[in-house]
Amino acid sequence: MSDDISRRGFITGAGSVLGVAALGAGATPARAAAPIADGAHVPVLVIGTGYGGSVAALRLAQAGVNVHMIEMGMAWDTPGPDGKIFCNTREPDYRSYWLRTRTKAPLNYFLGFPIDRDIPRHTGVLDAEEFGGITVYQGRGVGGGSLVNGGMAVTPKRENFGSVLPSVNADEMYNVYYPRANAGLGVATIDPAWFESTAYYQYARVGRKHAQRSGFPFVFVPDVYDWDYMKQEEAGTVTKSALAGEILYGNNHGKKTLQQTYLARAKATGRVSVSPLHKVTSVAPAGAGRYTVVIEQIDTTGNVTATKTVTADRVFFAAGSVGTSKLLVRLKATGALPNLNGEVGKGWGDNGNVMCGRANHMWDPTGASQSAIPCCGIDNWAAGGAFAEVAPLPTGIETYASFYLSITNNPHRAQFSWNAAAGKVDLNWQAAWKQPSIDMAKTIFDKINAKEGTIYRTDLFGVYKIWGDHLTYHPLGGAVLNKATDNYGRLAGYPGLYVIDGALIPGNTTVNPFVTITALAERNIEQIIATDL
Ligand code: FAE
């Protein structure tokens, strides 16, 4: 697959992914209206099409407001030459990474050998954004993180909510907004009987056995994957997706991404348009209560092909924790939005992410066939500060490994700041700050290893390296609610500017974050529509 062919296939990426949901698999997606025009005026401009942006777009449109969404990634509505929109986790190609010439797999070694490979530079779906002390993985494209994530849709335990969003009324969240978010996202739990019988979750049953033998609470975790579709994958009646290892670089079937849920409903209102391969670079007051927004249109190699200036009455920052924080910090420092308060850029955390594998005995195989969608976890939050997903290792071969992504109560918070000399935003996270996360994860896995007579795998993250402590999948914070904004996401100093994504959450959600991001966005947009519009 040459870069040139790929470019021809995707250069019309202004097409709408939303057609896919409406037409069903196999149909030719409808082309969207033209992307935003230079000089346009829009009532509401939303930067980013992830969870926060999609909730804002849907609810504003339902309230009768026209919305234009700007997305730096691709539309992901057009199959490649292999007939698939996304590439497989085991065969990363030009579609896999955002503007890299070599893959940067989170789990980058196997049996002690590096597994990264060269790829053509392309606006692929997964960004591995490198800061000094941490690599932050993020989805790129219409649907944001929903395109690449595991779909684990977890509502934090009520007793932990006070630490997640201290200024938010928990009763309202648990009675109204978490249920609304779960319904909007299409969250469901695996059929327990099928879980017990399918070979594809043997790895999870092994994880459960080991957790329970060490006395840890084992919990099923809901997901947005269509569990009935997964059963049909096993039966061989539909094209395999999760059961063929698809996840990290996109699922071609089965997963209900935002394209199938919030964005499909937003599109159906007729009031929402999307400009993919467009990146917002500036927002500044334009007078008369409006804002001037500068947008770069890019091609699939990342080159800027046009620069557009538009005006908007209101702008929602929904570019993700990192994207929103980087924009706000730069715009404050360089004079476009000088009145943003001193909290902008602060309070960033990694949700305490740390990965590890355990080597099981030969009589305890985890299965050559593993569903790529996790469905369970080990809850040691109260006692040890760790909640561990029992994660798949869908290599297609028996590995005798149990693999885990732990979310831990890491206390460290980093800050974004403008580096004028380099012309970029830095993040001051320190690699050593992962040690508390390792210690918390060890409260689970040291005990299991002692009980089972097993050891940690040392071949998954380097040579003799146990901990995947160089990354996060769950960036949170940077424009924290009730600090950089008011208690509903209104940016201090600028009426009409809002933050509505993971940047609002102060660094940790105790579980996987997107249900909380969605529920908070539902809460905030309801208030904003009622009082500001
Ligand atoms: P996000 O979904 O990141 O959307 C932001 C969007 O803005 C992206 O599409 C960007 O391309 C776009 N953007 C950024 N800057 C600009 C700009 N300047 N101009 C235009 N567009 C821009 O934000 N969470 C869970 O709860 N469960 C899971 O199982 C899970 N698994 C994950 C697995 C992986 C590999 C990864 C990377 C993440 C996972 N997450 C999971 C995290 C989850 O996807 C993430 O918290 C949310 O996507 C964040 O939602 P936001 O709306 O904040």
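## A guided tour, from a buried asparagine to the ligand

Start by selecting N251, which counts as buried at 7% relative accessibility (buried means under 20% relative accessible area, exposed over 50%, partly exposed in between, with a 1.4 Å probe and protein chains only). Before moving on, note that this is a predicted model, where local features need pLDDT of at least 70 and side-chain atom pairs count only at pLDDT 80 or more, while totals for chains, interfaces and linings use all residues. Residues are numbered from 1 along each chain as its sequence is written, and side-chain values use heavy atoms, with hydrogens and water left out.

**Around N251.** This asparagine, N251, sits in the loop between α8 (227-235) and α9 (262-268); helices (H or I, at least four residues) and strands (E, at least two) are DSSP runs, numbered from the N terminus. Show S241 next: its side chain makes a polar contact with the side chain of N251 at 3.1 Å. A polar contact is a pair of N or O atoms within 3.5 Å; within protein, one must be able to donate a hydrogen and the other to accept it, and residues adjacent in sequence count only if both atoms are side-chain atoms.

**The ligand.** Select the ligand and the 37 residues around it, among which E71, G145, M152, G502 and F514 come nearest (a heavy atom within 4 Å makes a residue near).

- G52: a polar backbone atom is 3.0 Å from a ligand oxygen.
- V280: a polar backbone atom is 3.0 Å from a ligand nitrogen.
- P513: a backbone N or O atom lies 3.1 Å from a ligand oxygen.

How much of the ligand does the protein bury? Taken alone, the ligand exposes 1000 Å², and the protein buries 95% of that (Shrake-Rupley areas, 1.4 Å probe; for residues, only the protein chains shown count as cover). Colour the elements that give two or more residues to the shell: α3 (51-62), β6 (135-139), β9 (278-287), α10 (320-333) and α13 (514-532).

**The sheet with β6.** Follow β6 into an open sheet of 3 strands, ordered β5-β6-β19 with mixed pairing (strands pair if DSSP finds at least two bridges between them). At the edges stand β5 (126-130) and β19 (471-472), each with a single partner strand, so one side of each has no neighbour in the sheet. Strands β5 and β6 run antiparallel, joined by 5 bridges. To finish, pick E130, which stands opposite T135 in β6.
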